[in-house]
Every structure is written in C-alpha cells, then in structure tokens.
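Work through the exercises below with the sequence and the model open. Each task is followed by its solution in steps.

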Amino acid sequence: MEAASSPSTAPDYSVDRVAASSPYQVAGKAADALRKLTGIEQHDVALVMGSGWLPAVEALGEPSAEVAITDLPGFAPSAVAGHSGKIRSIAAGSVRALVFLSRTHYYEGHGVAAVVHGIRTAAAAGCRAVVLTNGCGGLRRHWRPGTAVLIKDHINLTATSPIVGATFVDLTDLYSRRLRTLCREIDPRLDEGVYVQFPGPHYETPAEIEMVRRLGGDLVGMSTTLEAIAAREAGMEILGISLVTNAAAGLSGEPLNHQEVLAAGKQAAARMGDLLVDVVPRI
Ligand code: 8IG
C-alpha cells in the first residue's frame with residue numbers, strides 16, 4: 001500500500017489535463033444547453049454570419065428558436081457593431097441549421113479557444129458541416145464592394161492555432177471542393193480566392209497588402225481561418241464565403257471605414273440570401 005498516492009476517483013486537475021481538454025468539455029456543455037433551450041436534439045449545418053451577412057439570414061426562414069450566446073457556457077459577449085450575440089435554429093428544407101449571428105474575433109483578446117468555441121459547440125450539437133462567412137477587403141480590382149467570393153484556401157497570419165498539443169491536423173482541401181462546386185452550380189459567376197487572416201483590429205497598410213499579393217492572397221480579413229482549423233479538427237466539412245465589402249488598403253485611394261463595410265453588406269444581402277437558401281439544404 002502506498003499511503004501517499006491519491007485515490008483513483010479524484011478528478012484530474014493536472015495542468016495539462018485542464019489546459020488541453022476543457023475547451024471541448026465546455027463546448028459539450030454549451031451544446032447540452034442549446035438542446036435544452038431550442039428543444040432541438042440535433043443540428044446538421046452551422047452558419048457563422050460575418051460583417052455584412054446579417055440581412056441575408058432573414059432569407060433562410062423564420063427561426064424556430066433564438067438563444068442569446070450569454071445563456072450558453074463559454075461564450076464571450078458580442079463586441080462589434082453589426083454583430084448580434086444570438087444563435088438561431090432554423091429549418092432550411094430538411095436541414096436543421098444552427099446560425100450564429102455573431103462571432104468572437106481574435107482581436108477581442110479572449111484567446112484562441114474563445115474564437116472557436118462556437119465551432120466546437122456546433123460540432124458537439126451534431127453539425128457535420130459549417131458555412132463560414134465574413135466581410136473582407138478584396139485585392140482584385142474587379143471585385144467591387146458587395147461581391148461574394150468562395151474561399152478556396154487560406155493563409156493564417158495570426159501565428160496561432162486553436163489546437164493545443166500534438167494533434168497534427170491535415171489542412172489539405174480544408175475548404176470543401178464539393179461545396180464550392182455546389183455553389184458554382186447555383187451561381188456560376190462566383191469567383192474563388194485565397195483568404196488571408198490578419199490579427200487586426202487595425203486594417204492593413206498598403207505595404208502589407210502588397211505583401212499579401214506576393215504571397216498569393218486575394219482576400220484580407222480578421223476571422224475565419226482559426227475557425228476553419230477547429231472545424232476540420234472536429235471532422236466538419238467547410239464552406240467559406242467572403243463578401244468583399246471594400247477594396248484592400250491602398251487600392252482605392254480612400255481610407256477604410258466600418259460604416260462602408262455595413263453599407264456594402266446591406267446592398268448585397270438579397271444575393272447572399274438567395275445563395276444561402278439554395279446551398280444550405282443541399283449541404
Ligand atoms: I469588412 O480590408 C473588412 N474586414 N484585415 N482588412 C481586414 N479586415 C477587413 C477588411 C480589410 N475589410
């Protein structure tokens with residue numbers, strides 16, 4: 001008998017255990033709360049609505065339930081104008097959609113786990129696929145404000161990962177070719193591009209945009225890549241759609257401002273709504 005050993009029933013509060021596994025456990029708890037509050041046992045597809053995408057949500061249909069993120073464990077309160085801290089459950093055809101009207105951005109300073117908490121909650125709620133939308137700056141001059149672009153790949157310039165520990169997740173074909181093809185069947189005019197995530201919250205300098213161009217980037221924003229990585233880790237299929245709301249810094253000769261972003265979103269809402277209505281039931 002080793003008198004000093006702890007009983008095997010004691011909880012494991014070792015530093016590694018708490019750091020590595022608790023985000024997934026909290027997401028499981030959030031999914032449980034979501035089931036209770038929505039009365040929906042299983043959701044199929046998650047949608048994360050970025051800057052300018054909110055008006056497009058209406059097209060998906062009447063929500064059967066709406067939950068405040070602050071009523072679920074682990075969510076940071078929403079911090080950005082144009083982002084509403086709610087989650088809706090919507091029946092889109094035979095698909096049960098879980099729609100996040102806001103996201104937590106890396107620049108809010110709550111850490112990477114907070115940024116991907118919605119994704120992990122959606123996975124724990126049963127979602128097999130996620131539609132990640134965002135508003136962003138565009139590097140191609142023919143992408144006028146209000147142009148939707150499919151994300152074909154990304155460059156993560158945040159120098160972080162949502163994954164902690166030796167879990168080596170493959171990111172080849174991160175943004176589903178099948179779902180991109182589906183979108184282009186619905187709207188053949190849709191272009192594709194490489195999305196580059198900066199930490200923000202400041203926009204880029206013109207020199208940084210020139211760097212992005214040389215790196216092979218087409219779109220710049222402050223979200224999406226960390227969420228996509230967490231979604232892939234969770235085994236979800238990923239569709240990424242950017243709404244170009246402004247020309248990237250230095251391209252238009254004008255300074256960037258957030259009001260412009262919201263206005264471009266409003267204008268494009270009808271087209272974005274039509275696209276989501278057609279795509280989501282076929283995911
Ligand atoms: I909307 O031009 C929107 N979000 N980094 N740069 C970055 N994020 C953005 C931009 C932009 N426009």
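This is a predicted model: local features need pLDDT of at least 70, side-chain atom pairs count only at pLDDT 80 or more; totals for chains, interfaces and linings use all residues.

Residues are numbered from 1 along each chain as its sequence is written, and side-chain values use heavy atoms, with hydrogens and water left out.

**Exercise 1.** State how many salt bridges the rule gives.

Solution. Apply the rule: a side-chain nitrogen of Lys or Arg within 4 Å of a carboxyl oxygen of Asp or Glu. The count is 15 salt bridges.

**Exercise 2.** Describe the salt bridge of Arg 120 with Glu 233.

Solution. Step 1: the closest N and O atoms of Arg 120 and Glu 233 are 3.3 Å apart. Step 2: locate the partners, taking helices (H or I, at least four residues) and strands (E, at least two) as DSSP runs numbered from the N terminus. Arg 120 is in helix α4 (residues 117-124) and Glu 233 in helix α7 (residues 225-233), 113 residues apart. Step 3: classify burial, where buried means under 20% relative accessible area, exposed over 50%, and partly exposed in between (1.4 Å probe, protein chains only). Arg 120, at 6%, is buried; Glu 233, at 24%, is partly exposed.

**Exercise 3.** Explain why the pair Arg 271 and Asp 187 ties together separate parts of the sequence.

Solution. Step 1: the closest N and O atoms of this salt bridge are 3.0 Å apart. Step 2: Arg 271 lies in helix α8 (residues 258-279), while Asp 187 lies in the loop between α5 (177-186) and β7 (191-197), so the parts joined are 84 residues apart in sequence. Step 3: Arg 271 is partly exposed at 33%, and Asp 187 is buried at 11%.
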